[in-house]
Amino acid sequence: MVSDATIFALASAAGRAGVAVFRVSGTQARQAIIKLCQPNDVPNPRRASLRAIHHPATHEKIDQGLILWFPAPHSFTGEDVVEIHAHGGRAVTSALTEALRDLPDFRLAEPGEFTRRAFENGKLDLTEAEAIADLVDAETEAQRRQALRQFEGALGKLYEDWRARLTHVLAYLEASIDFADEDLPKDVAEKQTDDIRKLIEEITRHLADGHRGERLREGFSIAILGPPNAGKSSLLNALARREAAIVSSIAGTTRDVIEVHLDLNGYPVILADTAGLRESADSIESEGVRRALQRAEQADLKLIVFDGAVWPQRDTATESLVDDDTVVVVNKADLLEARSPNPQSPIPVSTLTGQGLPELLQTLTRAIESRFADTGAPALTRARHRAALEESAQHLQRSLTATHPELRAEDVRLAMRSLGRITGRVDVEDLLDIIFRDFCIGK
Ligand SMILES: Nc1nc2c(ncn2[C@@H]2O[C@H](COP(=O)(O)OP(=O)(O)O)[C@@H](O)[C@H]2O)c(=O)[nH]1
Ligand SMILES: [Mg+2]
């Protein structure tokens with residue numbers, strides 16, 4: 001049986017390292033200590049103990065390292081867990097992998113299986129499990145903070161609180177159905193409607209966050225757009241501080257979208273260089289322009305570059321893209337100075353001299369910060385959560401127009417189920433407790 005197997009895996013990154021950590025979880029986990037370690041007595045729980053590590057069959061010494069013993073249920077997975085901290089050499093880790101694989105009922109863990117077991121054993125809800133993946137993937141400070149907050153249960157608690165409130169509403173509804181003849185508080189029906197309205201409002205507000213949390217996970221996208229030869233690729237390279245895109249005086253050099261990842265004051269940014277906007281007989285270049293325009297549409301922010309060599313002449317195709325989500329620059333400011341006073345509102349920059357680049361970075365950072373502004377409330381972080389919340393709000397909305405209490409109760413139940421799917425808790429059977437605790441029917 002799959003779920004009965006004891007699983008193990010290298011928990012630290014593969015490759016050469018000072019220390020490699022193996023994690024073992026399952027009913028047979030302590031066998032890893034008894035069969036591999038010398039001395040083979042199981043150490044005190046949660047205390048690091050130095051042990052020699054041997055192959056269980058050949059008894060050849062593999063390494064020495066620290067052993068940690070976490071008896072169930074006080075472990076990450078809720079099962080018996082053993083951690084082995086050995087030296088992080090390739091030969092050591094492969095010998096240890098072989099040794100563990102040789103133990104009866106041991107097998108290599110599948111991706112995410114430790115966390116999955118933790119969820120199945122009630123150690124985490126789904127939002128916390130997802131937060132672990134986000135913490136591991138976090139590349140910037142803002143991503144790390146958001147993931148940690150979610151890992152600490154901020155989102156799970158929010159959704160569970162909403163679900164608990166609906167449990168109350170449903171309890172009253174069920175009571176008014178089941179005990180229609182009994183003495184129920186008179187304002188019960190009104191209160192339910194009020195509660196449902198309030199919840200819809202809170203969910204709607206939570207949804208209308210400009211995708212702040214999702215953006216933070218995935219990266220804020222900025223598309224560099226403008227006419228050919230304006231210096232878009234040069235600007236990408238200057239901002240990325242490396243030669244990611246080819247720069248040339250030949251117009252039409254950039255044809256595909258080139259992406260670089262940046263960390264702007266802790267916020268993850270995906271900066272994309274695009275083909276210069278112009279009509280072209282070259283089918284590859286036209287495709288490049290099509291992709292550029294597609295990028296312009298999808299981007300969270302457009303960084304529009306005009307060519308200072310021809311300024312104040314502006315390219316109309318580029319100009320038509322300017323809207324509220326745009327930062328405009330005039331590049332080649334080194335050429336500009338000699339001819340006319342610098343424009344104020346498009347930021348004058350020169351990728352050649354570096355002029356204006358700090359101001360541009362500051363403007364971009366400010367634009368991003370205003371979009372990620374911390375409202376104090378935990379942000380929605382995944383499309384999965386968004387879909388479930390939208391569904392839940394729809395059920396609630398429908399419940400308000402339901403003609404029969406039974407139909408209304410069903411809508412509320414569906415709304416609860418949608419919320420429950422976010423955290424992975426879908427049972428709704430704790431209703432009766434609340435009914436009998438909250439008001440005493442037929443006493
Ligand atoms: N004088 C001057 N030339 C620049 C500047 N930035 C880029 N160029 C030149 O403009 C030409 C086009 O640059 P490129 O980055 O390939 O433009 P793109 O077609 O918009 O990607 C190249 O010859 C660059 O060396 C600048 O700030 N000043
Ligand atoms: Mg280019």
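By class, how many residues of the shell around ligand 1 are nonpolar, polar and charged? In this predicted model, the shell has twelve polar residues, five nonpolar ones and three charged ones. There are 20 residues around the ligand, and those that come nearest are G231, K232, S233, S234 and S249. Two helices, α9 (232-240) and α12 (333-339), each supply at least two residues of this shell. Of the elements that contribute, α9 gives the most, with three residues.

Strand β1 (residues 6-10) pairs with strand β2 (residues 17-25) in the antiparallel sense, over four bridges. One position to look at is F8, whose bridge partner in β2 is V24. The two strands form a hairpin with six residues between them, and G15 there takes a positive phi near 110 degrees. β2 also pairs with β6, again in the antiparallel sense, over eight bridges. In that pairing R23 stands opposite E83 in β6.

Five bridges join strand β6 (residues 81-88) to β5, and the two run antiparallel. Here L66 stands opposite H85 in β6. β5 has a further antiparallel partner in strand β4 (residues 49-54), with six bridges between the two. S49 is set opposite I67 in β5. β4 and β5 make a hairpin with six residues between them, and in its turn H59 has a positive phi of about 65 degrees. Strand β5 (residues 61-70) is mostly covered, with seven of its ten residues buried.

The packing can be followed from V82. V82 and L100 are the residues with the most contacts inside the largest nonpolar core, which has 56 residues. The largest share of this core, eleven residues, comes from helix α6 (residues 154-178). The core draws at least three residues from domain 1 (2-120) and at least three from domain 2 (154-209 + 380-438). Not counting residues up to four places away in sequence, V82 touches V24, A29, R30, A32, I33, I67, L68 and W69. Apart from this core lies another, of 41 residues, with I222, A245, A296 and V329 among them. Nonpolar side chains tend to be buried together in soluble globular proteins.

Helix α5 (residues 141-151) gives a case of burial along a helix. Its buried residues include A142, Q143, Q146, A147, Q150 and F151. An α-helix has 3.6 residues a turn, so residues three or four places apart point the same way. The cover over the buried residues of α5 includes α4 (126-137), α6, α8 (212-218), β10 (267-273) and α13 (357-372). Just after this helix, G153 takes a positive phi of about 100 degrees.

A last stop is L414, which is found in helix α15 (residues 405-423). Is L414 buried or partly exposed? L414 counts as partly exposed because it has 17 C-beta neighbours inside 10 Å, whereas a buried residue needs 20 or more. L414 and E110 lie 304 residues apart in sequence, and their C-alpha atoms are 33 Å apart in space.

Methods
Residues numbered from 1 in each chain as written. Chains lettered and ligands numbered in written order. Predicted model: local features only at pLDDT ≥ 70, side-chain atom pairs only at ≥ 80, totals over all residues. Near = placed C-beta within 6 Å. Nonpolar A, V, L, I, M, F, W, Y, C, P; charged D, E, K, R; others polar. Buried ≥ 20, exposed ≤ 12 C-beta atoms within 10 Å, placed from the backbone. Pairing = 2+ DSSP bridges. Core = buried A, V, L, I, M, F, W, Y, C linked by C-beta atoms within 7 Å. Domains from an automatic or database assignment. Contact = placed C-beta atoms within 7 Å.
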